[in-house]
Amino acid sequence: MQPIKLSQTIEDYLALLYVLERDGETIVGARLAELLGVTAPTVTNTLKRMARDGLITMHENGTHLTEHGWASAKDVMRRHMLMEWMMLKMLPWSKLHGEAHHLEHAISSEAETAVYEELGRPQTCPHGNPLPGCEDTVAGWIPLTELVSGEKVIIRRIHELAEENRPLLAFLDEKKMTPGTEATIGEILPFNQTVGVEVHGQIITLGFAVARYIYAEKPAS
Ligand SMILES: [Zn+2]
Ligand SMILES: [Zn+2]
């Protein structure tokens, strides 16, 4: 049986549900509406369609991807991440996510495999998020909010949910605070909900709301 081609909307929902479920977040309609920028009734209608098509289950104990939904979501995520890499030499880092969002729906599986091989089988996207099946690669990376002042680290990952924040990505791009950058954790002010990060000799102050989505690696001592 040929797999049914899913609509762009459904693929976008699948990708988001995948990230939330992978991270152990409870899937709530209001949160989806906020993240997708649509109304709660729209979310409810779309989820009902997805349940009808066997992609998710909806019970009192929450909304979950089915095996079929999980497999489809992994496909979307992988295509998305490979499209980000494909555009890397042509577009600013901060624009990769938005562009890949369009391309991910169009690429065939044959082209996808070719890109994957050509890129040398990457384990993360250019923002440091794991390709499906490569979660172990990122398991040791720690959110900036959980580090200690004075620690020297390497920035490794900007979480998928923060990739949606275009002004944030543009800011990080401008400050060159992208994966692979060496950084020192500065002042952490819980009463102010801020953490300072020194990169390239400059102190950048981030709020906890953003800093918790940025992960760093502690070099082996
Ligand atoms: Zn992305
Ligand atoms: Zn990415």
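**Figure 1. K176 is partly exposed, with 13 other C-beta atoms within 10 Å.** A residue is buried if 20 or more other C-beta atoms (placed from the backbone) lie within 10 Å of its own, exposed if 12 or fewer, and partly exposed in between. The model is predicted: local features need pLDDT of at least 70 and side-chain atom pairs count only at pLDDT 80 or more, while totals for chains, interfaces and linings use all residues. Residues are numbered from 1 along each chain as its sequence is written, and chains are lettered from A and ligands numbered from 1 in the order in which they are written. K176 sits in the loop that runs between helix 9 (166-174) and strand 5. Helices (H or I, at least four residues) and strands (E, at least two) are DSSP runs, numbered from the N terminus. K176 is not a glycine, yet its phi is positive, at about 60°. Most residues other than glycine have a negative phi.

**Figure 2. The protein chain has 10 helices and eight strands.** Its radius of gyration is 18 Å, close to the 17 Å of the globule rule for 221 residues, so the protein chain is as compact as a globular protein of that length. The radius is taken over C-alpha atoms, and the rule is 2.2 Å times the number of residues to the power 0.38. The C-alpha trace spans about 55 × 45 × 30 Å along its principal axes. Of the 221 residues, 28% count as buried. Among contacts (C-beta atoms within 7 Å, placed from the backbone) between residues at least 6 apart in sequence, 60% join residues at least 24 apart. An automatic or database assignment divides the protein chain into domain 1 (8-69), domain 2 (80-138) and domain 3 (142-217). Between the C-alpha centres of domain 1 and domain 2 the distance is 23 Å.

**Figure 3. Helix 2 (residues 29-36) packs against helix 3 at an angle of about 105°.** The two axes lie 9 Å apart; axes are lines fitted to C-alpha atoms, for helices over the stretch in contact, and angles run from 0 to 180 degrees between N-to-C directions. Helix 2 and helix 3 are therefore roughly perpendicular to each other, a term for angles of 65 to 115 degrees. From helix 2, G29, A30, L32, A33 and L36 meet A40, V43 and T44 of helix 3.

**Figure 4. A40 lies in helix 3 (residues 40-52).** A40 is exposed, with 12 other C-beta atoms within 10 Å. Beyond its neighbours within four places in sequence, A40 is in contact with G29, A30 and A33. G29 and A40 are 11 residues apart in sequence, and their C-alpha atoms are 6.3 Å apart.

**Figure 5. Six strands make up an open sheet in the order 3-8-4-5-6-7, with antiparallel pairing.** Two strands pair if DSSP finds at least two bridges between them. At the edges are strand 3 (142-143) and strand 7, each pairing on one side only. Strand 4 (residues 152-158) is mostly covered, with five of its seven residues buried. Three bridges pair strand 4 with strand 5 (residues 182-189) in the antiparallel sense; here K152 has T184 as its bridge partner. Strand 4 is also joined by four bridges to strand 8 (residues 214-217), again antiparallel. In this pairing, Y215 of strand 8 is the bridge partner of R157.

**Figure 6. A hairpin with four residues between its strands is formed by strand 5 and strand 6.** The two strands run antiparallel and are joined by four bridges. Across them, L189 has T194 in strand 6 as its bridge partner. Q193, in the turn, has a positive phi of about 55°.

**Figure 7. The hairpin of strand 6 and strand 7 has two residues between the strands.** Six bridges join these antiparallel strands. G196 has T205 of strand 7 as its bridge partner, and V197 stands opposite I204, also in strand 7. H200 occupies the loop between strand 6 (194-199) and strand 7 (202-207). Although H200 is not a glycine, its phi is positive, at about 50°. H200 counts as exposed, with 11 C-beta neighbours inside 10 Å.

Conventions. Two residues are in contact if their C-beta atoms, placed from the backbone, lie within 7 Å. Angles under 35 degrees count as roughly parallel, over 145 as roughly antiparallel, 65 to 115 as roughly perpendicular and the rest as oblique.
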